[in-house]
Amino acid sequence: MKPVRIGCVKYLNARPLIHGWCQGVVDLDHPAALCRKLDHGDLDVALVSSLEFLRRPIYRIVDGVSISSRGEVYSVIVAHSGELARIEQIELDPASETSVALLRCLLAQRGLSPRFLEGGVPATPHADPHGLAGVRHSTARLLIGDQAIRFRQQKPKYAIWDLGKEWDAVAHLPFVFAFWLIRPEAGGAEEIADSLRQLRDRNLHNLDDLVSSQTQVSAEFCRKYYREHLFFDFGEREKAGLREFHRRCLANKINVASEMPVTLV
């Protein structure tokens, strides 16, 4: 099988799904950028936001593998310093459209409608996490991935609205943030899917080895993050959570396909 053109999000949450991949170079990028590359045919397979599939359900999903939460996710948050109900505007992270869509659904559930400030620059691994310094109490900020982790650890005085925890409270289902999508014309899809499932299983089985290879956070936090905040399955409850997210996106007029045919490999 020829080398697979594979892309993966560059955040800590994806390491159990890509660490040790040896079938070609991995394109590490932000979720929104990977969605564009997959759409343009520059990648054969990519770990991308679930919203991309809801918008363009032409891809095949690697069955059994995702990045999901079953409660507090820790790294998809709205940081604010005033009361949530009094927030007038939220600065959005453009790196993940799934998190923005989830935020819109959860705000609508609470009957809140703050303004959204869009068009920022996606977070980089060494971005300044102090984005709320000096901002009014009526302004909040959506943070995702490694930037959200750094913010929580370095700015503990801010209030945190964890979107994974909120979703669990209102939907009573897991939330699927990302999964592997394979382009419809890509060959060897079954072999690719099997390799990705085996890689996930190997990394989770040898979790201490994976944790010891990370340098951005402490081993204690990393171990807890992978065992308590994130789940890497894509079973029946995760699929039900994806269907519920699709339903809520439609109800809130978020741009998704009206139907969601699912092809698993």
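Predicted model: local features only at pLDDT ≥ 70, side-chain atom pairs only at ≥ 80, totals over all residues.
Local features need pLDDT of at least 70 and side-chain atom pairs count only at pLDDT 80 or more, while totals for chains, interfaces and linings use all residues. Residues are numbered from 1 along each chain as its sequence is written, and side-chain values use heavy atoms, with hydrogens and water left out. Helices (H or I, at least four residues) and strands (E, at least two) are DSSP runs, numbered from the N terminus. Burial labels go by relative accessible area: buried is under 20%, exposed is over 50%, and partly exposed is in between (1.4 Å probe, protein chains only).

**Salt bridges**

- The count comes to 21 salt bridges, taking a salt bridge as a side-chain nitrogen of Lys or Arg within 4 Å of a carboxyl oxygen of Asp or Glu.
- Glu97 and Arg55 are one of these pairs, at 2.8 Å, N to O. Glu97 sits in helix α4 and Arg55 in helix α3 (residues 50-55), so the bridge ties together parts that are 42 residues apart in sequence. Glu97 is partly exposed at 34%, and Arg55 is partly exposed at 30%.
- Asp233 and Arg70 also meet in a salt bridge, at 2.9 Å, N to O. That pair links distant parts of the chain, 163 residues apart: Asp233 is in the loop between α9 (219-229) and α10, and Arg70 in the loop between β5 (67-69) and β6 (76-80). Asp233 is partly exposed, with a relative accessible area of 35%, and Arg70 is partly exposed at 39%.
- In the Asp162–Arg152 bridge, the closest N and O atoms are 3.6 Å apart. Asp162 belongs to strand β10 (residues 159-162) and Arg152 to helix α5 (residues 145-154), so parts that are 10 residues apart in sequence get tied together. Asp162 is buried, at 6% relative accessible area.
- Asp27, Asp29 and Lys37 are joined in a salt-bridge network.

**Aromatic contacts**

- A search of the whole structure turns up 11 aromatic pairs. Rings of Phe, Tyr and Trp (its six-membered ring) pair if their centres lie within 6.5 Å; planes under 30 degrees apart are stacked, over 60 edge-to-face, and the rest tilted.
- Trp167 and Phe245 make an edge-to-face pair, 6.2 Å centre to centre with 90° between the planes. Trp167 is in helix α6 (residues 163-171) and Phe245 in helix α10 (residues 236-251), so this contact ties together parts that are 78 residues apart in sequence. Trp167 is buried at 0%, and Phe245 is buried at 0%.
- The ring centres of Tyr226 and Phe232 are 6.2 Å apart with planes at 65°, so that pair is edge-to-face. Tyr226 is buried at 4%, and Phe232 is buried at 4%.

**Helix α4**

- Helix α4 (residues 97-110) has 14 residues and should span 20 Å, which agrees with its end C-alpha atoms being 20 Å apart. The expected span is 1.5 Å times one less than the number of residues.
- Its buried residues are Thr98, Ser99, Val100, Ala101, Leu102, Leu103, Cys105, Leu106 and Leu107.
- Gly111 follows α4, with a positive phi near 75°.

**Cysteines**

- The search finds 0 disulfides, a disulfide being a pair of cysteine sulfur atoms within 2.5 Å.
- The sulfur of Cys8 has its closest cysteine sulfur in Cys35, 12 Å away, which is too far for a bond. Cys222 is in no disulfide either, as the nearest cysteine sulfur, that of Cys8, is 14 Å away.
- Cys8 is buried at 0%, and Cys222 is buried at 1%.

**Positive phi outside glycine**

- His172 is not a glycine, yet has a positive phi of about 55°. His172 sits in the loop between α6 and β11 (175-182) and is exposed at 56%.
- Lys253, also not a glycine, has a positive phi of about 60°. Lys253 is in the loop between α10 and β12 (263-264) and is exposed at 78%.
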